[in-house]
Structures are given as structure tokens and as C-alpha cells.
Amino acid sequence: MTTPRDPQDPQDPWNQQHQRPDLPPAPQANPGEYQALPRPKSVDTAFTAWLVGVALVVVQTLLTPLVSEDLMDELGAPEGFAMEGAAGAGETAGLILTLVLAAIFAVFAYLMRGGANWARIVLTVLGGLGLLFGLFGLITLQVYFAIGFLGSLIGVMSLAQLAVTIVAIVFMYRTDANDYFRYS
């Protein structure tokens, strides 16, 4: 069993006061005196960018069924290619999946804003995958612009989604954000 050490014991090798007389003694802090770093603006900016990205995805998902028939025509799909019942069920399932994923993204964004470094890493990985798939989606972007106003709106939202994701990832890794996540 060890005995508690006496901070005034000159024989104690851990007593910094006696080992380095040229330095003042370290201040003693109570656990209640520690304060977390204030959240930097870059973390708030990244958080806002993630929420804007989530909103863009939800709006795109809501608008896509409105242009799906025009999209099929522009792509040259044969008449009756998609059956009504199956297309409706697929759109509903896609909407539900998108809403669930959007909610998960929003939760990760809130956790990241609170200082959870693991949430920042998850958002980075998911955002990177989103960027990769978004870049592949740029191939079909001209099709959206060819089908009218709603298609063009979806195309612009796709471009904005890519830009917002890049902004979010960059701001999560700025120097002040790194310090915040390191000491949170």
C-alpha cells in the first residue's frame, strides 16, 4: 500500500519545487476549475455547412419524383420502362432512406460541434464518399439541365451540395478546430 506523498517533502523526487528552484511551483487546480476551450467559428461554420448540405439533399430527394418522367424521357428509356406501382414504392423507400440518413448526418454534425473528434472523422469519411459519388454524378448533370426548371434546380443543388461538403470538411480541419477537438 502506498502512502500519500507530502508536497513539501524535499526527499520526494516528484516535488518540482525542490528539483528546479529557478521555476515557481506549478499552480494547483481543482477539477472544477478546468474549462473547455470555447468553440471556434470554424467549427460553427462546418456545422452550418453540414446542416445546409443535409437540407439540400432532402429538398433534392423531394423534387426528384417530380422530374422522374422527364428524366426517363431525356435518357431515352422505353415507354412503360418503370411500372407505376414499383416506381412509387421505390420513390417512397428512397425518401424514407434519405430522411433517415439525413437525420443521422445531422446527429453527427451536432456531436462534431460539441467536440466529438470521432464524429468529425465519421463526417469526413462520409463526406469524402459523398464527394466521390457527387463527382460521378456530374456526368449526368447535363441531363438535369436539359429537362427544364426543376431539373436545373436539382442540378444547381447538386453542385451546391459538393461545394458545401468541401467547405464543411475544410473548416473542420482548420488549426483552431484541430485545437478544439484535441482538447475537448
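Which residues make the nonpolar surface patch of about 870 Å²? Ile 121, Val 125, Leu 126, Leu 129, Leu 132, Phe 133, Phe 136, Ile 139 and Tyr 173. Patch residues have over 30% relative accessible area and no salt bridge, and nonpolar side chains (Val, Leu, Ile, Met, Phe, Trp, Tyr) are joined within 5 Å. A salt bridge here is a Lys or Arg side-chain nitrogen within 4 Å of an Asp or Glu carboxyl oxygen.

Ground rules next. This is a predicted model, where local features need pLDDT of at least 70 and side-chain atom pairs pLDDT 80 or more, while totals for chains, interfaces and linings use all residues. Numbering runs from 1 along each chain as its sequence is written, and side-chain values use heavy atoms, without hydrogens or water.

Now the fold. The protein chain has seven helices and zero strands. Helices are DSSP runs of H or I, at least four residues; strands are E, at least two. Of the 184 residues, 27% are buried, meaning under 20% relative accessible area with a 1.4 Å probe, protein chains only; over 50% is exposed, and in between is partly exposed.

Tyr 173 sits in the loop between α6 and α7 (175-183). Its relative accessible area is 33%, so Tyr 173 is partly exposed.

Then helix α6, residues 149-172, which holds Leu 159. Leu 159 is also partly exposed, because its relative accessibility is 39%. Leaving out residues up to four places away in sequence, Leu 159 touches Leu 138 and Leu 141; contact means heavy atoms within 4.5 Å. Gly 137 lies 22 residues away along the chain, with 9.7 Å between its C-alpha atom and that of Leu 159.

Methods: Patches are made of residues with over 30% relative accessible area and no salt bridge: like charges are joined within 9 Å, nonpolar side chains (Val, Leu, Ile, Met, Phe, Trp, Tyr) within 5 Å. Accessible areas come from the Shrake-Rupley method with a 1.4 Å probe; for residues, only the protein chains shown count as cover.
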